[in-house]
Amino acid sequence: MPGFELFGNEERKEVNDVLKSGVLMRYGFDGMRNGHWKAKEFEIAFAKRMDSKHCQLVSSGTSALTVALASAGVGAGDEVIMPTFTFVASFESIMALGAVPVLVDIDDTLTLDPAAVEKAITSKTKCIMPVHMCGSMADLAALKRICDKHKLLLLEDACQAIGGSFDGKPLGAYGDLGCFSFDFVKTITCGEGGAVITNNEKYYINADQYQDHGHDHIGNDRGAETHPHLGYNFRISELNAAVGVAQLRKLDDFLAIQKRNYTIIRNALSEVDGVTFRRVPETGVENYSFVNFFLPNATLAEKAHKALGENGVDACFYWFKNNWHYINGWEHLRNLKSLAPLPKEIKTQIQDLNKTDFSKSDAIMGRTISSLVKLSWTADQVKERAAKMAQAIQSVI
Ligand SMILES: *Cc1c(COP(=O)(O)O)cnc(C)c1O
């Protein structure tokens with residue numbers, strides 16, 4: 001991660017195909033486009049790679065989450081269970097629909113704790129949204145059992161774990177719906193873009209229509225199409241999709257590089273007494289975009305993070321502080337600071353996030369450090385980095 005590190009002529013060629021015809025839109029203008037349908041091409045290839053029947057591209061990972069929820073009928077007042085450690089897109093995408101985010105603790109997988117999820121279910125719960133943070137996954141088998149028991153949707157946010165798998169299935173393809181981001185810092189990028197995958201034909205048709213103003217996409221006269229439902233504009237542009245076509249072809253090469261670099265770092269840190277690693281659920285395979293490890297306690301983790309920086313090791317994250325991927329950093333959410341009045345369902349139903357006890361999450365995040373795994377590092381550079389990391393951490397333990 002990120003895919004822009006290995007950007008090259010392959011991407012340029014795809015973009016030039018689009019620039020030559022000048023058709024920057026994914027729909028229509030059939031006669032002008034020289035047979036180029038980059039968004040469609042990306043969708044077909046992505047669905048295939050992700051072992052899913054359907055893929056709908058959209059303008060971002062955040063819009064993918066909103067489109068996925070809307071396609072499955074999640075709306076005003078419905079509760080969606082999400083983790084305390086995630087990107088802000090999780091609650092943004094839920095609240096955009098007037099639905100209510102319900103935050104619950106994570107466990108040592110750094111993702112949703114199934115026991116905490118089960119406790120948070122109410123008569124209004126509609127969906128469980130695990131977020132596969134930093135390259136590895138939630139315990140999807142446990143979450144699926146809960147979803148089956150309570151008749152809930154399982155929506156996987158696989159934006160940070162593209163290419164990983166669980167129980168032999170690509171992450172994103174295990175639940176009812178899966179979402180991906182191709183923003184500029186993701187494992188494959190197209191500048192801005194996202195995708196929803198599903199095996200459910202109804203959700204797919206809904207997603208296809210919803211992301212394009214409700215257009216039915218039947219026939220080839222856009223102006224004459226009907227609009228079975230209200231929609232919105234979450235379309236991807238043909239230019240962005242073109243970059244994605246080239247990046248997707250490189251995905252498996254990227255994953256192999258990440259795995260090599262990850263393994264070097266992990267092996268070096270395994271030698272340091274006191275360092276342990278994030279739990280990967282049984283049958284899970286990471287995408288190796290981060291090495292995530294624990295120090296024995298929060299004081300040591302903070303010290304280790306500082307020592308890493310002082311020793312010139314970049315791209316290490318202590319999410320617990322000075323970052324915006326943990327509830328600690330979401331003052332605007334905790335105090336519902338919105339530009340305009342929020343839907344009354346959100347205002348009346350949302351938990352008081354200033355008072356909710358997230359000490360279980362704190363206990364894990366306080367000890368967690370993540371090292372990004374870059375694609376452009378040579379094996380020698382990674383070895384040097386790994387040795388420096390081990391030394392810096394050792395010095396504080
Ligand atoms: C990047 C990301 C998103 C949102 O993607 P954008 O394309 O930036 O909107 C959502 N969830 C997670 C976990 C992410 O890392």
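This report walks through the ligand site, salt bridges, cysteines and a few other local features of a predicted model.

## Before we start

Because this is a predicted model, local features need pLDDT of at least 70 and side-chain atom pairs count only at pLDDT 80 or more, while totals for chains, interfaces and linings use all residues. Residues are numbered from 1 along each chain as its sequence is written, and side-chain values use heavy atoms, with hydrogens and water left out.

## Around the ligand

Let us begin with the ligand. It is surrounded by 13 residues, and the closest are Gly61, Thr62, Ser181, Asp183 and Lys186; a residue is near a molecule if one of its heavy atoms lies within 4 Å of it.

Which side chains make polar contacts here (pairs of N or O atoms within 3.5 Å)? An N or O atom in the side chain of Thr62 is 2.5 Å from an oxygen atom of the ligand. Asp157 places a polar side-chain atom 2.7 Å from a ligand nitrogen atom, and Gln160 has one 2.9 Å from a ligand oxygen atom. On its own the ligand has 380 Å² of accessible area, and the protein covers 94% of that. Accessible areas come from the Shrake-Rupley method with a 1.4 Å probe, and for residues only the protein chains shown count as cover.

## Salt bridges

Side chains of opposite charge can pair when their charged atoms come close. A salt bridge here is a side-chain nitrogen of Lys or Arg within 4 Å of a carboxyl oxygen of Asp or Glu, and by this rule the model has 26 salt bridges. One of them joins Glu118 to Lys149, with the closest N and O atoms 3.0 Å apart. Glu118 lies in helix α5 (residues 114-120) and Lys149 in helix α6 (residues 140-150), so this pair ties together parts that are 31 residues apart in sequence. Helices (H or I, at least four residues) and strands (E, at least two) are DSSP runs, numbered from the N terminus. For accessibility, buried means under 20% relative accessible area, exposed over 50%, and partly exposed in between (1.4 Å probe, protein chains only). Glu118 is partly exposed at 31%, whereas Lys149 is exposed at 59%.

Lys144 and Asp148 also form a salt bridge, their closest N and O atoms being 3.1 Å apart. Both lie in helix α6, four residues apart, or about one turn of the helix. Another salt bridge pairs Asp314 with Lys374, at 3.7 Å between the closest N and O atoms. This pair links distant parts of the chain, 60 residues apart: Asp314 is in the loop between α9 (298-310) and β13 (316-317), and Lys374 is in the loop between β14 (368-372) and α13 (379-396). There is also a network of salt bridges linking Lys13, Glu14, Asp17, Lys38, Glu41 and Arg249.

## Cysteines without disulfides

A disulfide is a covalent bond between the sulfur atoms of two cysteines. How many disulfides does the model have? Taking a disulfide as a pair of cysteine sulfur atoms within 2.5 Å, the count is zero. Cys127 is in no disulfide, and the nearest cysteine sulfur, that of Cys147, is 7.4 Å away. Cys127 is buried, with a relative accessible area of 0%.

## Two positive phi values

Most residues other than glycine have a negative phi. Asp51, however, has a positive phi near 55°. Asp51 sits in the loop between α2 (38-49) and β1 (54-58) and is exposed, at 56% relative accessible area. Asp167 has a positive phi of about 55° too, although it is not a glycine. Its place is the loop between β6 (165-166) and β7 (169-170), and Asp167 is partly exposed at 45%.

## A buried glutamine

Is Gln258 buried or exposed? At 0% relative accessibility, Gln258 counts as buried. Gln258 belongs to helix α8 (residues 238-270). Gln258 and Trp377 are 119 residues apart in sequence, and their C-alpha atoms are 9.5 Å apart in space.

Key:
A polar contact is a pair of N or O atoms within 3.5 Å; within protein, one must be able to donate a hydrogen and the other to accept it, and residues adjacent in sequence count only if both atoms are side-chain atoms.
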